[in-house]
Amino acid sequence: KKKGLIVIEDAKRNDIGNTAKAYSRGHIGSSIIEDDIELPVFDVDAITVNPYLGSDGIIPFLEDVKNRRKGIFILVKTSNPSSKELQDLVLKEKNITLYEHIAEQVNIWGKETIGIEGYSSVGAVVGATYPADARILRKIMPRSIFLVPGYGAQGGTGADAVACFNSDGLGAVISASRSINYPHARDSDISEDKFKTLVQSAVNKMNDDINGALVSAGANWL
């Protein structure tokens, strides 16, 4: 935050009632510290939230999103292989997958927080490892920013991540962890300068891969 960057906390919070309120206040709102003293604690810009307790686990966060100009990213289709065990289940009454139903709920939860650029403060976590599913979800949630895990070490590529963007090349934040944090393959003998060089090289490679894939797909923002 001192560098002027947006900070997204991948906390995957999930609870209801007063506990959900406390989580929201502690991470994106403000908490009563002592007597009448109320201050921000973690004060991140956005946080990931698990929706599988229903709206009771989301509404407390929405209040802080609206009042404090923060954001949340709701888990919709995660990048891990076993996500299909639950998220791909088909709901008989609607004949759609559970992740599609969650996406529809994201639209409902985010309809009151559409900004001047046309995007909601309620985003969605959608893995780069499932590009076909991402294409479906992008059509359902055109106004949500996608937080996209799974790039790099998990196997997702720039070509895979393209499905998470809108046609103008906007609307997605691609997350890479291990491929950026450990470009040295955990070599404990590496120097600090060499580590910095490898990290910068990994970041440049990622940017070139994603931007190149967007250009190839016809995105017109570059």
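Glu 192 and Lys 196 both lie in helix α8 (residues 192-216), four residues apart, about one turn of the helix. Helices here are DSSP runs of H or I with at least four residues, strands are runs of E with at least two, and both are numbered from the N terminus. The side chains of Glu 192 and Lys 196 form a salt bridge, 3.4 Å from N to O. A salt bridge is a side-chain nitrogen of Lys or Arg within 4 Å of a carboxyl oxygen of Asp or Glu. Glu 192 is exposed, with a relative accessible area of 56%. Exposed means over 50% relative accessible area, buried under 20%, and partly exposed in between (1.4 Å probe, protein chains only).

The model is predicted: local features need pLDDT of at least 70, side-chain atom pairs count only at pLDDT 80 or more, and totals for chains, interfaces and linings use all residues. Residues are numbered from 1 along each chain as its sequence is written, and side-chain values use heavy atoms, with hydrogens and water left out.

The structure holds seven salt bridges. One of them joins the side chains of Lys 1 and Asp 43 at 3.5 Å, N to O. Lys 1 lies in the segment before β1 and Asp 43 in the loop between β3 (37-39) and β4, so this pair ties together parts that are 42 residues apart in sequence. Asp 43 is partly exposed, at 22% relative accessible area. Lys 1, Asp 43 and Lys 70 are linked in a salt-bridge network. Lys 12 forms a salt bridge with Asp 10, with the closest N and O atoms 2.8 Å apart. Lys 12 is partly exposed (40%), whereas Asp 10 is exposed (51%).

Strand β4 (46-49) is covered on both faces. Ala 46 and Thr 48 are buried on one side, Ile 47 and Val 49 on the other. In a regular strand the side chains alternate between the two faces of the sheet. β4 pairs with β1 in the parallel sense over three bridges. Pairing requires that DSSP finds at least two bridges between the strands. Val 49 in β4 is the bridge partner of Arg 13. β4 also pairs with β5 in the parallel sense, over four bridges. Here Ile 47 stands opposite Ile 72 in β5.

β4, α2 and β5 make a right-handed β-α-β unit. Right-handed means that, with the strands pointing away from the viewer, the path from the first strand over the helix to the second runs clockwise. In α2 (residues 59-68), Pro 60, Phe 61, Leu 62, Asp 64 and Val 65 are buried. Their cover includes β1 (8-13), α1, β4, β5 (71-77), α4 (98-110) and β8 (122-126).

The largest nonpolar core has 44 residues, of which Ile 72, Val 76, Met 141, Phe 146 and Ile 174 touch the most other members. A nonpolar core is a set of buried Ala, Val, Leu, Ile, Met, Phe, Trp, Tyr and Cys residues joined through side-chain atoms within 4.5 Å. A second, separate core of five residues includes Ala 46, Phe 73, Leu 75 and Leu 147.

Ser 144 is found in the loop between α5 (131-140) and β9 (146-148). Ser 144 is buried, with a relative accessible area of 2%. Its side chain reaches the backbone oxygen of Val 122 at 3.1 Å.

Key
Contact = heavy atoms within 4.5 Å. Polar contact = N/O pair within 3.5 Å; in protein donor to acceptor, adjacent residues only side chain to side chain.
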